[in-house]
Amino acid sequence: MIEFETPKPIVKQKYLLQTVAEEMMRPHSRHFDEHEHEIPWDYINFMHQAMQAVGAGSLTPSDGDAKEEMPEEKKKKKYPPIGYQSLAFMLETLSWGDVGMYLVTPGGGLGAAAVEATGTPEQKKKFLKRFQQEMPAFGAMAMTEPHCGSDTSAIRTTAIQDKETNEWILNGEKIFVTAGQKSLEEGDGLVVVWATIDPAAGRAGMRPFVVEAGTPGVKVTKLEHKMGIRASDTASIVLQDARIPYENILGSAEVPKEKATKGFKGAMATFDATRPLVAATGIGVARATLELLKEMLAQEGVNIRYGLPRQKLSNVERDVIDMEVMLESAWLLVIKAVWMADNRKPNPLEASMSKVLAGDVVNKITQKAVEIMGPIGYTRDHLLEKWFRDAKITDIYEGTGQINRLIVARNILGYRGSQLR
Amino acid sequence: MYAFEPSEEQKMLIDAIQRFSINDLRPAAHDADENEQFSKDLIEKGWELGVLQASIPEEYGGFGDHSAVTGALAAEELALGDIAGAFAILAPGLFALPILFAGDQEQRQQYLGSIIESEWKPFTAALVEPRFDFDPNDLQTEARETNDGYVLNGDKVFVPFADEAENFLAYANLNGSSQGFIIPPGTKGLEVGERQPLLGVKALPLYQLSLNDVHIPKKNRLGGPDGHDFNLILDSSRIAVAALGVGLSRAAFEYARDYAKDREVFGVKVAQKQSIAFMLAEMATEIEAIRLLTWEAAWMLDEGKEDASKYAYLAHTGATNMAMMVTDRAVQILGGHGYIREHPVEMWMRSGRGIATFTGLAMI
């Protein structure tokens, strides 16, 4: 079947979240943009309580653990799985409210997503429970290092096994950790730190490790000052002989003899799940921008006349219609990618496509909106200029537009990494 | 629910069309374009795939229910072979589908069966007018009501198969709204003009048509005395052209991709260069995105959603930009060889420019 009906539970959820976005986020957008590193606790506490109330502990789509405790008849799903779809809508709507504030939503973020994608059932139970407690907790993923970004296989942070104490000893420095400060210092959170257990093995040696808040030897050393998404903390973390329990490794501790890249593939599997979600946040910013732009234009007496030949439209109308085409088609690509994830269809191509397009589209739309509104768009009296700044990160984090183009290209050409570098 | 997989029935149709497209249509496209002429046998073979027949209910001689989604899938697959051929094969739908959507019971009974149950015959429609800012909702061709019928006056262009048409459906402005009128060939005042020389889709015979005081009886107004809603017809056409644009773009993308994987440059394949690989990645991404937008518009039309017209317009707008971008890059990726008519990419680029202009030349 080919269908485009938004599932009813998602429509309901979206209605609620839209209210949250309008009441709890928008009115404070400017404040947290102008007061970088101030924490929006009102929003955080509200979201935490709301999520506890509906039983959604972490911001991850799987309800695998909860389901095991459900009575047998309830486990039989009458509804097709829509976890990722529902999450994409949620992130889109919250980002419509404010993408910087969305990024500090408690519940695990990319850290929980990594545990979800690569952890055992026991690990999921152990590490994800913290997001369902009374106090809000945060999660983060630490991949990038000062000397390497997109080339993730070049990471130097090491994890060495101490057989006597049955622990891993982590050493290294991570930068650009989204919500890293909150995960380690505000509540009982965690950071998933990527390290190598065998530097000679390259990608095959890469493993994710769960580093919990309060681990000795783990320190937040810097908070970045950014172009946009200023409500979200971007932290540097230094690990100095940081000891964590042996069980905190996600995946196997063995480095296979033959050439294998399982650890790296774990990271990539996480990205297949999270890239469409990051794309969804970009779509939220783009929709916010387009809606406000149309409102502002309407106030000036410019209403968009759909259906006319382009030759009869004004330049502004053509721009707005093109923006609408871009927005809707990019959003459908996101939905297809998460729909595939929900239905357990491998989606690395669609995940990267959705990220490529959303990254492009949100930048084009926000840039054009500021341009169209001229001196009004350029001032900080309106949010258009803020969204212009917020948009740019969509094309950078979770794989730059270029890295994702590489992935799309390798998929459509049937090339391995060595054939298309 | 969201769902992105064609049904079993749709898959069977797609497979059958794709075989025909790749094995028959594509190989004939070059000569058809050069000679500005189709093989009638080929059109008949395409007609026998039953795309139109499957969208007309049994009571009118067909064997299915109309679905714009299925139509979009079929159109895309046909254009994968040759978009000019696709227009030709789908041409009878220009007359039959508006009658299915908007005709009264008598018109459906009178016309549909004879179109559907016979071999391919050139039934056609006249919508486009010779102006740079042609607007289907603001036609210059005028219809005036008289005591016993209507009088039509105006000039049309891009009328497929007008010289041999079995019947015409001409659209005219009646008191400010676009309405269809059935005008049998030979009606006094109806003059078929010159065949038009074109940039692309050269095999498709498109003609000028003049209407000079063409009198037709009341019963020839589409939908009977009260007429019809023109939106449904325009939406269907916009979605059809968008879907054809997607199919055409897929053809160009796949050809350029395969060429780039085969051709050597500086010791590697062309496709191994990021500048080329990234172009291909963006082409594939755009095609997929606009394809989904086209499907969504078609689905909305099938479901009778309020926004269907807007989305059909957006899908057509998106397909216009996408088809030009993709076909242009396909030529670029082949470099000098792309410019040579031995390869089909320059033909597809010429056709690609037409997606903006082809509204009214196909329906689904």
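Predicted model: local features only at pLDDT ≥ 70, side-chain atom pairs only at ≥ 80, totals over all residues.
Begin by selecting Trp120(B), which at 7% relative accessibility counts as buried, a term that means under 20% relative accessible area with a 1.4 Å probe and protein chains only, whereas exposed means over 50% and partly exposed lies in between. Residues are numbered from 1 along each chain as its sequence is written, chains are lettered from A and ligands numbered from 1 in the order in which they are written, and side-chain values use heavy atoms, with hydrogens and water left out.

Stay with the two rings. Aromatic pairs are rings of Phe, Tyr and Trp (its six-membered ring) whose centres lie within 6.5 Å, with planes under 30 degrees apart counted as stacked, over 60 as edge-to-face and the rest as tilted. The centres of Trp120(B) and Phe161(B) are 5.0 Å apart and their planes stand at 70°, so this pair is edge-to-face. The two residues are 41 residues apart and link distant parts of the chain, with Trp120(B) in the loop between helix 6 (105-116) and strand 2 (123-126) of chain B, and Phe161(B) in the loop between strand 4 (149-160) and strand 5 (167-174) of chain B; helices (H or I, at least four residues) and strands (E, at least two) are DSSP runs numbered from the N terminus.

Over all chains the count comes to 16 aromatic pairs. For another of them, select Phe4(A) and Trp299(B), whose ring centres are 6.2 Å apart with planes at 55°, so the pair is tilted. Phe4(A) belongs to strand 1 (residues 2-4) of chain A and Trp299(B) to helix 8 (residues 274-303) of chain B, so this pair joins two chains. Both Phe4(A) and Trp299(B) are buried.

Next, look for charges over rings (NZ of Lys or CZ of Arg within 6 Å of the ring centre and within 35 degrees of the ring normal). Arg26(A) lies over the face of Trp96(A) at 3.9 Å from the ring centre, and Lys310(B) lies over the face of Tyr306(A) at 4.6 Å from the ring centre.

Now move to helix 4 (residues 83-90) of chain B, where eight of its eight residues are buried. Among the elements that cover these residues are helix 1 (8-35), helix 7 (231-262) and helix 10 (345-352) of chain B, contact being heavy atoms within 4.5 Å.

Select helix 7 and helix 10 of chain B together: their axes come within 10 Å and cross at roughly 150°, where axes are lines fitted to C-alpha atoms, for helices over the stretch in contact, and angles run from 0 to 180 degrees between N-to-C directions. The two helices of chain B are therefore roughly antiparallel to each other, a label for angles over 145 degrees, with under 35 roughly parallel, 65 to 115 roughly perpendicular and the rest oblique. Here Leu248(B), Ala251(B), Ala252(B) and Tyr255(B) of helix 7 meet Val345(B), Trp348(B), Ser351(B) and Gly352(B) of helix 10.

Finish on Ser249(B), also found in helix 7 of chain B and counted as buried at 0% relative accessibility. Leaving aside neighbours within four places in sequence, Ser249(B) is in contact with Ile287(B), Met322(B), Ala323(B) and Val326(B).
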